[in-house]
Amino acid sequence: MLRLITFIALIVPALGNAETLLSAEEFAARVEGKVLTYGLLGEPYGAEEYLPDRRVRWSFLDGDCDEGFWYPEGDAICFVYQDTPTPQCWKFFDTGAGIRADFLSDPADDSLYEVDRGEGPLYCMGPEVGV
């Protein structure tokens, strides 16, 4: 009996902190019309503007932006960009404190996590002009 009580005492707090995998519909409802800034290992990593009709605009926070779109693939969300046409698929989770994203092409990569949420638009410089 003591083992059961100890097990319950250890498991219940963990269940309260469980993360929930977001479906495509849940993901869309949380992000459309927003700009989310993501962090990696305690540092800002990039930001994405989620536009209508599953369109997106990504930046590594350097002023350069890449246009693209997202689509559901099983329980993942995949992104295709003009500059990176190979699909990049992620699983998105509700952590209770924001969104966490796990990159599926390399599960050893660290997760991205939401550090800021705004209304946008995402800061993008104009097209490069040269001689």
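## A buried tryptophan

Trp-70 is buried, with a relative accessible area of 4%; buried means under 20% relative accessible area, exposed over 50%, and partly exposed in between, for a 1.4 Å probe and protein chains only. This residue lies in strand 5. Helices (H or I, at least four residues) and strands (E, at least two) are DSSP runs, numbered from the N terminus. The model is a predicted one, in which local features need pLDDT of at least 70 and side-chain atom pairs count only at pLDDT 80 or more, while totals for chains, interfaces and linings use all residues. Residues are numbered from 1 along each chain as its sequence is written, and side-chain values use heavy atoms, with hydrogens and water left out.

Apart from neighbours within four places in sequence, Trp-70 is in contact with Ala-24, Phe-27, Ala-28, Arg-54, Val-56, Ile-77, Cys-78 and Phe-79. Contact here means heavy atoms within 4.5 Å. Between Trp-70 and Cys-89, the C-alpha to C-alpha distance is 9.1 Å, with 19 residues separating them in sequence.

## Overall architecture

The protein chain contains two helices and nine strands. Along the sequence they follow the pattern α-β-α-β-β-β-β-β-β-β-β. Of the 131 residues in the protein chain, 32% are buried. Among contacts with a separation of 6 or more, 38% are between residues 24 or more positions apart.

Helix 2 comprises residues 24-31, and its buried residues are Ala-24, Phe-27 and Val-31. These cover an arc of only 65° around the axis, which puts them on the same side of helix 2; the arc is that of the directions from the helix axis to the C-beta atoms. An α-helix has 3.6 residues a turn, so residues three or four places apart point the same way. On the other side of helix 2, Glu-25 and Ala-29 are exposed.

The buried residues of helix 2 pack against strand 2 (35-40), strand 3 (43-50), strand 5 (65-73), strand 6 (76-81), strand 7 (88-94) and strand 8 (99-103). Just after helix 2, Gly-33 adopts a positive phi of about 85°.

## The largest pocket

The largest pocket holds about 460 Å³ of space. On a 1 Å grid over the protein atoms alone, a pocket is an open set of points where a 1.4 Å probe fits, with protein on both sides within 12 Å along at least five of seven lines; lining residues have an atom within 4 Å of a point. Grid points are joined across faces, edges and corners, and the volume is the space filled by probe spheres set on the points.

Strand 2, strand 3, strand 4 (55-59), strand 5, strand 6, strand 7 and strand 8 each contribute at least two residues to the lining. The lining divides into 14 nonpolar, three polar and seven charged residues. Ala, Val, Leu, Ile, Met, Phe, Trp, Tyr, Cys and Pro count as nonpolar, Asp, Glu, Lys and Arg as charged, and the others, Gly among them, as polar.

## Salt bridges

Eight salt bridges are found in the whole structure, each being a side-chain nitrogen of Lys or Arg within 4 Å of a carboxyl oxygen of Asp or Glu. One of them joins Glu-19 to Arg-100, with the closest N and O atoms 2.2 Å apart. This pair links distant parts of the chain, 81 residues apart: Glu-19 is in the loop between helix 1 (2-16) and strand 1 (20-21), and Arg-100 is in strand 8. Glu-19 is partly exposed at 37% relative accessible area, whereas Arg-100 is buried at 18%.

Another salt bridge connects Glu-119 and Lys-34 (2.8 Å, N to O). Glu-119 lies in the segment after strand 9 (112-118) and Lys-34 in the loop between helix 2 and strand 2, so the pair ties together parts that are 85 residues apart in sequence. Arg-57 pairs with Glu-67, the closest N and O atoms being 2.7 Å apart. Arg-57 lies in strand 4 and Glu-67 in strand 5, so this pair ties together parts 10 residues apart in sequence. Salt bridges that share partners also join Glu-19, Arg-100 and Asp-102 into one network.

## Backbone features

The peptide bond from Gly-120 to Pro-121 is cis, with omega near 5°, and Pro-121 is in the segment after strand 9. Leu-41 has a positive phi near 55° although this residue is not glycine; Leu-41 sits in the loop between strand 2 and strand 3 and is exposed at 61% relative accessibility. Leu-61, also a residue other than glycine, has a positive phi near 70°. Leu-61 is in the loop between strand 4 and strand 5 and counts as partly exposed at 45% relative accessibility.
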